[in-house]
Amino acid sequence: MIPELGSFALMVGLAFAICLCIIPLVGVQTNNLTLVKYAKPLTLGMFTFTLLSYLLLTASFVTDDFSVLYVAAHSNSHLPIQYKFAAVFGGHEGSLLLWVLMLTSWTGALALSSKNIDDAFVGRVLAILGMIVVGFMLFTILTSNPFERLLPNVPLEGRDLNPLLQDIGLIVHPPMLYLGWSGLSVAFAFANAALLCGRMDAAWARWTRPWTLAAWSFLTIGIALGSWWAYYELGWGGWWFWDPVENASFMPWIVATALIHSLSVTEQRGAFRNWTVLLAISAFSLSLLGTFLVRSGVINSVHSFASDPSRGMFILMLLGTAVIGSLTLFAFKASALKGTSKFEFYSKETFILVGNVALVVATATVLLGTLYPLIMDAFDLGKISVGPPYYNAVFSPIIALMVVVMGAAPIIRWKKNKVGTLRGELGLIALISVAFGVAFPFVYGGEFIGWVSIGMGVAFWLIAATLKNLKNNVTLSEGGYDITRPTQSYWGMVIAHMGIAVAITGATIVSYYETQLDIRMTVNDSVHLSGYEFKFEGVKDVEGPNYSAKQAQFRIFDGDKEISLLQPERRVYRVQTMGMTEAGIDSTLGRDLFVALGDPLGDQAWAVRVYVKPLINLLWIAAGLIAFGGFMCMTDKRYRAKKPSIAQAPVAVDPIVSAV
Amino acid sequence: MKRFVLFLPLIFFIGLGAFLYKGLFLNPKAMPSALEGQPVPAFKLLTVTKGDRVVTNADLVGEYYLLNVWATWCAACKAEHPYLLDIARSGVSIYGVNYKDDMVAANEWLTRYQDPYQFSAFDVDGLFGLNLGVYGAPETFLVDHHGIIRLRYAGVVDTRSWKVRFMPLIEDIKREIAASNM
């Protein structure tokens, strides 16, 4: 009964969504405000029934209802309860339902918190979001219904959740990622609504920006959690593999980064309007493209869901409709939205534009690398795969250039800046950064490595320039400091930019200075790596709730002092009889000690992999800083303030822009 | 002119969409093997059914034969198994490579589902599989009378793949043998 109710709730949600994408638009066309105002209750109805549907699927998992095909395929009565909740989105069908739930949550949140935006505009935005929801709900119901029954031969036990996914990483990573992906739909809907009614003014940018920041911050957390999970769960010791699916989450993030900056220019200066709209369309299109790549099976990846051509066709249609529709709208309507403000070469506008172009070019290189195997194959030019060497070679220089601009952009003024003042502010910092970069690899590692110099140099530059700018902003003209003088969103920017510098530092150091050893060890063997001693004290059997494991005991010594006992495991999950490695990690701010247990080699000997990874934890800290900065900007009070005079004007002109 | 520029993103996406559409009909997992045209790598392994019998390349005999990589942990192998029995009944020699598996479980499997193999080499550490370039199971290699690998096929062998991929090559091999006997 429960699954039928869930299926039914989803269909009721679909009915609400269909009404949502028709009624408000009819209202806008016929100037019927009553119909426009239906948008909010319809949105909430859609959200409520989607949530109900999701909860009913969760109930099927919790009660071990193996008559449901999806539950039987992804759960087991011995699965610990927290993983039963996570297993709801452990496969294609359920994760799609989670996608829809997130999408309707964003739509619902927008409906509830849009009191300061005029009704006709919100009506359009909600209607466009409704269309996206209809697309995804049809996809779920027609090709991937999670409530499908397995009758009459109901299995007694489920096939269990993939052991790789039985981890805290799974519980938090997909929801964050999907929140980010689907959140970009809000910016997409805003952009399309602006194109439809021809108003892409500063007010439009001000409404869009907090939503984009929210989605971007969630996406940041989602990507970082995915990376962290791959690092400690897959046991390969790496934290980023340029896998097509990682790229699928990374590309929307880079474009969204460009978008939040472009939006700030549009918001404050009224410039870059077409560019901003195009970025908003691209960001969501890339997250749809990611969905297509992951779920259609066109690309080989460790993450891919079971592929099914009919699903691929459906998402391609969804992607095509959304992107072709919005780009056609853009092609016909965009030129009407010409910006009015002018700026000179030495101006914040130029610097943000250069940074933006660098981000877009970086995205294009990642897109090319991701799709290159597919394109070669389509032309029958053979099977190839594009690996990290390509990405490292093309991605790093572009990002290094972007960071140089990024350090200076907050300091330089809008519209026009004297060259001399910029040199005065940043000249010394630039010289010190170059010197620091050149000296760093000698001091740290004893030999010169070009990329380490560049990485550490730009990281130092970014931190120093940002701090200099911060000092200017908190210094009062009469002397002394006041940290409340800059706005909250300025502080958010400072924190997020610092986060980028911290990430670059961590990535550079761990990429060039990690040490690794693949070795055969027998009981009481010791190895030395980067000043640490790893002593192997044998393997014992351990029983988990749904797996058996061989657990190795490693005592780690720093000199004579014992610092840690690491217990890496090799697990065999009983139902899926699948082997899994569980790395043993000793973590401090300065370094991670990482031990993974490999295959048994006979005579009580084991293959063992040992890493010392300096500063890797900076990566996770950086992601936290970046996301925190994003949330700070998002909750700035200027996005909460009511702007009735602007919102009600037929063609709003921002006061700042009109003054130019 | 200005108008045309605004159409560029649309044109770009339509081009991209065409590739994505084409991609739906391609199989990214169809990997040509570097070993096609090369001899079967050397091996010396125990067999599954007779624990003490050691087999090497010299034990692989026949005008042409299949080398099938299988394991009890591999669900797709179970799906493939009945078809392998059919092929074996039709007179084709199949040699098994029991890949990274447990000997007891493998024996149980062969007893329960019948044994289509002349023998199954017990490749417990996966070293032979590694030399064959195997990245999963099931995989099937077609080997000719000179011991040269003619085809590497990843995935489940079924009626269709047998007809389309294997049969034409087997005809080729038969023709070559007939030609060399003349």
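Phe190(A) contacts Val125(A), Trp204(A), Trp207(A), Thr208(A) and Ala280(A), neighbours within four places in sequence left aside. Contact means C-beta atoms, placed from the backbone, within 7 Å. The model is predicted: local features need pLDDT of at least 70 and side-chain atom pairs 80 or more, while totals for chains, interfaces and linings use all residues. Residues are numbered from 1 along each chain as its sequence is written, and chains are lettered from A and ligands numbered from 1 in the order in which they are written.

Phe190(A) and Ala187(A) touch the most other members of the largest nonpolar core, which has 207 residues. Such a core joins buried Ala, Val, Leu, Ile, Met, Phe, Trp, Tyr and Cys residues through C-beta atoms within 7 Å. Helix H9 (residues 202-233) of chain A gives the largest share, 20 residues. Helices are DSSP runs (H or I, at least four residues), numbered from the N terminus.

The axes of H6(A) (residues 92-112) and H8(A) (residues 168-197) come within 9 Å and cross at roughly 50°. Axes are lines fitted to C-alpha atoms over the stretch in contact, with angles from 0 to 180 degrees between N-to-C directions.

| Residue | Phi | C-beta atoms within 10 Å |
|---|---|---|
| Asp160(A) | near 75° | 25, buried |
| Trp242(A) | about 55° | 19, partly exposed |

Buried means 20 or more other C-beta atoms within 10 Å, exposed 12 or fewer, partly exposed in between; C-beta atoms are placed from the backbone. Asp160(A) sits in the loop between H7 (119-143) and H8 of chain A.

Conventions: Helix = DSSP H or I, 4+ residues; strand = E, 2+ residues; numbered from the N terminus. Contact = placed C-beta atoms within 7 Å.
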